[in-house]
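Please open the model in your viewer and keep the sequence panel beside it. The stops below say what to select next and what is there.

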Amino acid sequence: MFQTLAEYSAASWKGSEGYDGLEAVVAGIADGAQRIQAKIRAAMLAHAVGTTGETNVQGEVVQILDTFSSDTLVETLSQCGRVAAIGSEEIEETVIVGDSPAHRYLVQMDPLDGSSNIDVAISVGSIFGIWKRQADEKVNESTLLKKGVEQVAAVYTVYGSCTMMVVATRGSVQGFTLDPSEGIFRLTNPNIQIPPKNSYYSTNEGNFKGLDSGTQKAIEELRNAYSLRYVGSLVADFHRNLLKGGIFLYPITKKSPEGKLRLMYEANPLAFVAEQAGGAASSGKERILDIEPQKLHQRTALIIGNKDVVERTVAAINKG
Ligand code: AHG
Ligand code: MN
Ligand code: MN
């Protein structure tokens, strides 16, 4: 029988140097994910699909399930007793939870990624970057503005044909699947590494005309070599490419001159997972994990997947 998340956490992180308490943070994410996937699957029947009528700090229309997911995860992460502060795509300012010595972790999250796909029954997910708070570090707005390379762990979930949760720490990427009969996650994909053969490329081809010539040439190269797979949920596209080999790119476009995706809670966590699985992630100008963050919700271009293909694509973009 597959090892449970609780068994894996206790053996790998509980009491261990550098990861002590991480098991409680991951358990908080798992509990939140469990509740979110149940809500999503029943949403159509419960009139919980659609928008709240508000726009978030990104200027984007907020889906009812965006707010539900953010509120649920703030609750489960606050209750785990180990998280000092939370950044959320759906909340403009930093959520300060506590600054006792036990509150050792900082979490940045996209509580529901791909939310425009909810009402058409396409996979969505949640994304988390996890940093360590230094022992007596003050907990305020700037506490969360740490470089991606300082993450101690990254987690994402995919609410798709099954509910998966992938947890990356240094040198380890572990895939867990929700066992709906017991409501617990089981280790089904141990020690994930991105396959050496790149099979897919994922990008919004509808943006092609608004791209600079270097990016257009880079995409033409990808068209000639790989199959196109683009879901419109970053986390689902990334998960398929991680397991099957592939590259995802959301470059600078005319519509999004800073890039569309958010650095702290989309690019950084997935870049951490990609690198621990043998892949790479770049903004087109620099390694994602090296970017010095200035603002909680700042955007970036993202080219992520098989290391050799990312490097070739970034070179083509910069060749012009
Ligand atoms: P979110 O739902 O958290 O706002 O993220 C949506 C993002 C990402 O999931 C996806 O890859 C991208 O938006 C799709 O953008 P386009 O529709 O412009 O291709
Ligand atoms: Mn997102
Ligand atoms: Mn989102």
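In which helix is the place of Ser69? Select residues 64–79, which form helix H3, and Ser69 will be found within that helix; helices here are DSSP runs of H or I with at least four residues, strands are runs of E with at least two, and both are numbered from the N terminus. Before going further, note that this is a predicted model, in which local features need pLDDT of at least 70, side-chain atom pairs count only at pLDDT 80 or more, and totals for chains, interfaces and linings use all residues. Residues are numbered from 1 along each chain as its sequence is written, chains are lettered from A and ligands numbered from 1 in the order in which they are written, and side-chain values use heavy atoms, with hydrogens and water left out.

Ser69 has a relative accessible area of 0% and is therefore buried, where buried means under 20%, exposed over 50% and partly exposed in between, for a 1.4 Å probe and protein chains only. Show its neighbours next: leaving aside residues up to four places away in sequence, Ser69 touches Ile36, Pro111 and Leu112, contact meaning heavy atoms within 4.5 Å.

With the same exclusion of residues up to four places away, Val61 touches Thr51, Glu54, Thr55 and Asp66, while its C-alpha atom is separated by 9.7 Å from that of Gly50, 11 residues apart along the chain.

Colour the chain next by domain 1 (5–189) and domain 2 (200–319), bounds that come from an automatic or database domain assignment. The centres of the two domains, taken over C-alpha atoms, are 22 Å apart, and 46 residues of domain 1 are in contact with 33 residues of domain 2. Across this interface the rule finds one salt bridge, defined as a side-chain nitrogen of Lys or Arg within 4 Å of a carboxyl oxygen of Asp or Glu. Separately, select Glu89 and Arg262, whose side chains meet in a salt bridge at 3.2 Å, N to O.

Finish with helix H4 (residues 213–225) and helix H7 (residues 307–319), which pack at an angle of about 145° with axes 7 Å apart; axes are lines fitted to C-alpha atoms, for helices over the stretch in contact, and angles run from 0 to 180 degrees between N-to-C directions. To display this contact, select Gly214, Thr215, Ala218, Glu221 and Leu222 in H4, which meet Val309, Thr313, Ala316 and Ile317 in H7.
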